[in-house]
Amino acid sequence: MRSGIQTFVGAKLAEARQARGISSRKALADMMQRAASTVQRWEEGDSFPEPQALSELSTLLAVPEDFFLTPRSDGAGPSFFRSFAGALKSDRLIQHARLAWLEDITAVAEHYAYLPEVNVPDLMGGRSFKSLRNEDIEALSQAAREHWGLGLKPVLDVVAFVEGIGIIVAAEQMETDRLDGLSRWGQDGRPYILLANDKQSFARRQFDTAHELGHILLHRQITESEFEENFKLIEDQAHSFASAFLLPASQFSVEVDSGAIWELERLKARWKVSIKAQIMRLKRLDILDPLSSQRLFKIYSSKGYSSKGEPYDDVWPLQQPSLLADVFRALVDEGQISKEALCHDLPLFPHDAESLSGLPAGWLTLETARIVEFKTDALRRPKDGSNSAQVIPLTRK
């Protein structure tokens, strides 16, 4: 008979195995020199790993032993994967698990500090995503801008913006070019975004983050099965939202005169949106006909922008999430908690916690500078001048 503790230990074991890219129970069993049926019983909650096995699992999967003993309630929404169609299932499972770990780390930060309140409006109001037309998404993107007081001005750093409205963001190397990011609503009622650091640029990250914001706003009520069945439609909607959000039609359209490539280079500097995304936006707004957009893409390719990158890509530093790192630094710097105690509270080993929270590698294990308090009386000079310092003149020979 399955117990509650066996069930959540099994779920955490499966999560850790997937996070480490171990694709099957048999593969883990072979590493442990155990029967595959044993690992299967553990993951399905039919039995509990004995202490020695738990210690071995901790070493193999690089997680603390108490990771397996920390339950997590259900209730998180489905994970939306950018470039899901071309991504391997194993890659998706790894990032899905790490997104869950990001939520665990956030719970520790929120235990000690107030995080920004979630300020994400309910734009859908119970409406089905299947009913959305292009003009609806345009209107919803404008409604979102109005809610956040953005007006028609450029959003110069989308990562910083979404952190400010209570969305937790992390960025990591995903070791694949098939994933750009993923997002979901957490069980704590807070949205989460995990972005890929692989082959990124400032403008690309702007769009990827806005794309995930589109999922968060438009697709909160969607189930996993609905996402699988309607993947192309859902991705197209998030893509359309990102385009409309970053380049509002009423303002961007009046700033385009000739639509020449040099003009789009200038507008990239203002709107912080790639030239490629601008061409797609102009096409969607019917400012460019198919022949004109095709001509621009040929020029775009001839300039080497597809292979070597666009203007500014090599000089604009990549935006990095900083909310969680700022919280943990402040806690330690203000003496609210030691690094040792923080490591004890975090449900992961330091290298994973640092990567997901945006802290420098090794920060959690570096010693904090010792604070030394001097005695005031000991610093006073004797009145009789004894033991006082002497100035020795140096003469030039």
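Reader: Is aspartate 136 buried or exposed?

Author: Buried means under 20% relative accessible area, exposed over 50%, and partly exposed in between (1.4 Å probe, protein chains only). Aspartate 136 has 12% relative accessibility, so it counts as buried. This is a predicted model: local features need pLDDT of at least 70, side-chain atom pairs count only at pLDDT 80 or more, and totals for chains, interfaces and linings use all residues. Residues are numbered from 1 along each chain as its sequence is written, and side-chain values use heavy atoms, with hydrogens and water left out.

Reader: Which side chain does aspartate 136 meet in a salt bridge?

Author: A salt bridge is a side-chain nitrogen of Lys or Arg within 4 Å of a carboxyl oxygen of Asp or Glu. Here the partner is arginine 127, at 2.9 Å, N to O. Arginine 127 is partly exposed, at 37%.

Reader: How many salt bridges are there by this rule?

Author: The count is 20. One of them joins glutamate 172 to arginine 98, with the closest N and O atoms 2.7 Å apart. Glutamate 172 sits in strand β2 (residues 168-172) and arginine 98 in helix α5 (residues 89-112), so the pair ties together parts 74 residues apart in sequence. Helices (H or I, at least four residues) and strands (E, at least two) are DSSP runs, numbered from the N terminus. Glutamate 172 is buried at 4%, and arginine 98 is buried at 8%.

Reader: Where do glutamate 263 and arginine 266 lie?

Author: Both are in helix α12 (residues 261-271), three residues apart, about one turn of the helix. Glutamate 263 is buried at 2%; arginine 266 is partly exposed at 43%.
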